[in-house]
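Trainee: I have a new structure to read. Where do I begin?

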Amino acid sequence: MNDVNHEAHRRGADGEPVRLGALEAQVMEVLWQASPQTVREIIEQLAAPAAYTTIATVLTNLRKKGLVCTRKDGHATLYGACQSREEHAANIMDHALTASGDRAASILHFVNTMPEDDVALLKQLLLGEKAD
């Protein structure tokens, strides 16, 4: 998978993190589970039936947003996630912190509302320890 500008992975054209519609999110879930796949393979894994052209259009839109990369395998076009689920989530969190106007206060509020297990994991990571 190598046809997408790497900078496009981080942000949409307007600098905002890429937001996903409901069907786009379902398609990305399939691709985050396993990549690359053909349109037909993706359709087979969706919870509800979808038309080939609908999913092909969704994949085209996701490619324009920098989330999906393509490559050819013979006559087939294969689609894959070119940004991990974790990278995508981190980009959304970074944007939310920037938009908050007070990163420190927002992080503090977020940490204060985290479950104990997540706080323990965060402490572990900040100390440079390997996560369990």
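Mentor: Begin with one term: a contact means heavy atoms within 4.5 Å. Now use that term on the chain. Among contacts between residues at least 6 apart in sequence, 57% join residues at least 24 apart. Keep in mind that this is a predicted model.

Trainee: What is the mean pLDDT of the chain?

Mentor: The mean pLDDT is 88, and 88% of the residues reach 70 or more.

Trainee: Over which residues does pLDDT stay under 50?

Mentor: The general idea comes before the case. Where pLDDT is low, the predicted coordinates should not be read in detail. Here, pLDDT stays under 50 over residues 2-10. The model has 21 contacts beyond four places in sequence for that stretch.

Trainee: How many helices and strands does the chain have?

Mentor: The chain has seven helices and two strands. Read from the N terminus, the order is α-α-α-α-β-β-α-α-α.

Trainee: How do I read a pair of packed helices?

Mentor: Two packed helices are described by the angle between their axes and the distance between the axes. Take helix α2 (residues 22-33) and helix α4 (residues 52-64). Their angle is about 80 degrees, and their axes are 10 Å apart. An angle of 65 to 115 degrees counts as roughly perpendicular. Therefore α2 and α4 are roughly perpendicular to each other.

Trainee: Which residues make the contact?

Mentor: From α2 come L23, E24, V27, M28 and L31. From α4 come T54, I55, V58, L59, N61 and L62. The residues of this contact divide into eight nonpolar, two polar and one charged.

Trainee: How do I read a nonpolar core?

Mentor: In soluble globular proteins, nonpolar side chains tend to be buried together. In this chain of 132 residues, 28% count as buried. The largest nonpolar core has 17 residues. V27, I42, I55 and L59 have the most contacts inside this core. Helices α2, α3 (39-45) and α4 each supply at least two of its residues. Helix α2 gives the most, with five.

Trainee: What does V27 touch?

Mentor: Leave out residues up to four places away in sequence. V27 then touches I42, L46, I55, V58, L59 and L62.

Trainee: Let me try a loop residue. Is T38 buried or exposed?

Mentor: T38 lies in the loop between α2 and α3. Buried means under 20% relative accessible area. T38 has 19%, so T38 is buried.

Trainee: Which residues is T38 in contact with?

Mentor: Beyond its neighbours within four places in sequence, T38 is in contact with A76, T77 and L78.

Notes: Residues numbered from 1 in each chain as written. Heavy atoms only, no water. Axes fitted to C-alpha atoms, helices over the stretch in contact; angles between N-to-C directions. Helix = DSSP H or I, 4+ residues; strand = E, 2+ residues; numbered from the N terminus. Parallel < 35°, antiparallel > 145°, perpendicular 65-115°, else oblique. Nonpolar A, V, L, I, M, F, W, Y, C, P; charged D, E, K, R; others polar. Core = buried A, V, L, I, M, F, W, Y, C linked by side-chain atoms within 4.5 Å. Buried < 20%, exposed > 50% of the residue type's maximum accessible area, 1.4 Å probe, protein only. pLDDT = per-residue confidence, 0-100.
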